[in-house]
Amino acid sequence: MSIQQPLVSIITVNYNGNSDTLDFLKSLTQITYPNIEVFVVDNASNVSPDILKESYPFIHLLKSENNLGFAGGNNLAIRQAKGKYFFLLNNDTEVAPDFLEPLVNLMENNEKIGIVSSKLLYFNEPDILQFAGHKGINFYTGRGFAIGFDQKDGPQYQVSYRTFMAHGAAMMISRKAIQKVGLMAELFFLYYEETDFCERVKQAGFEIWFAGQSRVYHKESMSVGKFSPMKIYYMTRNRIIFTRRNTKGFQHYACLIFFMLFSFPKGVMMYLLKGQFKLVKAFVSGVFWNLFHHDIYKNEGLILK
């Protein structure tokens with residue numbers, strides 16, 4: 001079947017990252033897919049984002065008065081976007097000129113698909129994979145593994161196939177899926193929101209796919225730092241939130257027990273041995289947050305028409 005060209009709303013969130021966002025927008029000016037609109041959500045940056053609109057007048061620049069996090073920032077734009085598909089892209093990525101056609105083609109030819117993820121390659125090592133699909137989360141341990149991680153790109157990753165989840169740095173969502181399951185849960189703020197969202201999309205009967213011919217190059221963790229206390233805190237806190245929201249019965253308790261008996265002491269010991277005391281505090285704080293917060297099931301509802 002020939003490819004259709006429905007409107008795709010490309011959305012990125014900027015937080016004190018004007019330089020990366022400018023590079024990202026420049027790469028979008030070189031793409032071959034003709035029917036897009038671009039939203040840049042500034043999450044209350046300390047530096048004015050006006051240079052983004054001045055440099056690329058075609059964008060819709062939305063300025064949030066507060067830092068809404070990854071989910072909240074993307075949700076802000078989704079509410080205003082008009083596309084049949086919403087493509088969420090990190091601002092620390094750059095795209096190949098033909099990255100969009102394989103994604104649209106997959107979705108247009110298979111109505112069961114709710115999310116498609118691009119292939120993620122490291123920006124500084126463009127033949128090395130960061131993401132080529134996912135094997136899923138083990139709900140007894142809370143662990144999950146990406147396909148192709150740190151491997152050299154090859155023919156087996158040039159094709160499209162179903163996957164258990166998408167990567168939030170480059171994933172396209174159908175309007176139909178969001179109309180059915182609602183927006184991403186904003187309580188996550190950073191990390192695991194797309195993992196949680198993928199579970200909701202699958203539970204609603206949609207499929208998730210990986211598109212091996214769609215290439216996106218990722219600089220990774222430019223906004224929060226590779227091993228910053230902020231990243232460790234939210235990764236730890238949200239891993240537990242995800243488990244609490246998406247497991248039941250024996251599975252639920254098994255996963256929490258595994259974390260407390262194995263993952264928790266291992267994490268504390270690892271950071272202590274490295275003398276990373278700020279990371280110890282962040283890790284422990286992420287765990288203890290869950291002991292005092294019980295309203296973790298809030299979803300934003302079906303707000304799209």
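This is a predicted model: local features need pLDDT of at least 70, side-chain atom pairs count only at pLDDT 80 or more; totals for chains, interfaces and linings use all residues.
**View 1. Helix H1, residues 18–28, is largely enclosed by the rest of the structure.**

**View 2. Helices H6 and H7 run roughly parallel to each other.** H6 covers residues 193–203 and H7 covers residues 229–246. Their axes come within 10 Å and cross at roughly 15°, and an angle under 35 degrees counts as roughly parallel. The crossing of this pair is right-handed. On the H6 side, look for Thr-195, Asp-196, Glu-199, Arg-200 and Gln-203; H7 brings Phe-242, Arg-245 and Asn-246 to the contact. Sorted by class, the contact of H6 with H7 has four charged residues, three polar ones and one nonpolar.

**View 3. Helices H8 and H9 are roughly antiparallel to each other.** This pair is made of residues 249–273 (H8) and residues 277–289 (H9). The two axes cross at roughly 160° and come within 8 Å. Angles over 145 degrees count as roughly antiparallel, and the crossing of H8 and H9 is left-handed. H8 makes the contact through Phe-259, Met-260, Ser-263, Phe-264, Gly-267, Val-268, Tyr-271 and Leu-272. Facing them from H9 are Phe-277, Leu-279, Val-280, Phe-283, Val-284 and Val-287. How many nonpolar, polar and charged residues does the contact of H8 with H9 have? The tally is 12 nonpolar, two polar and no charged residues.

**View 4. Cys-198 and Cys-255 are both buried, and the structure holds zero disulfides.** For comparison, a disulfide calls for a pair of cysteine sulfur atoms within 2.5 Å. Buried or exposed, then, for these two cysteines? Cys-198 is buried, at a relative accessible area of 0%, and Cys-255 is buried too, at 3%.

Note on methods
Residues are numbered from 1 along each chain as its sequence is written. Side-chain values use heavy atoms; hydrogens and water are left out. Buried means under 20% relative accessible area, exposed over 50%, partly exposed in between (1.4 Å probe, protein chains only). Axes are lines fitted to C-alpha atoms, for helices over the stretch in contact, and angles run from 0 to 180 degrees between N-to-C directions. Helices (H or I, at least four residues) and strands (E, at least two) are DSSP runs, numbered from the N terminus. Angles under 35 degrees count as roughly parallel, over 145 as roughly antiparallel, 65 to 115 as roughly perpendicular and the rest as oblique. A crossing is left-handed if the near helix is turned anticlockwise from the far one by less than a right angle, and right-handed if clockwise. Contact means heavy atoms within 4.5 Å. Ala, Val, Leu, Ile, Met, Phe, Trp, Tyr, Cys and Pro count as nonpolar, Asp, Glu, Lys and Arg as charged, and the others, Gly among them, as polar.
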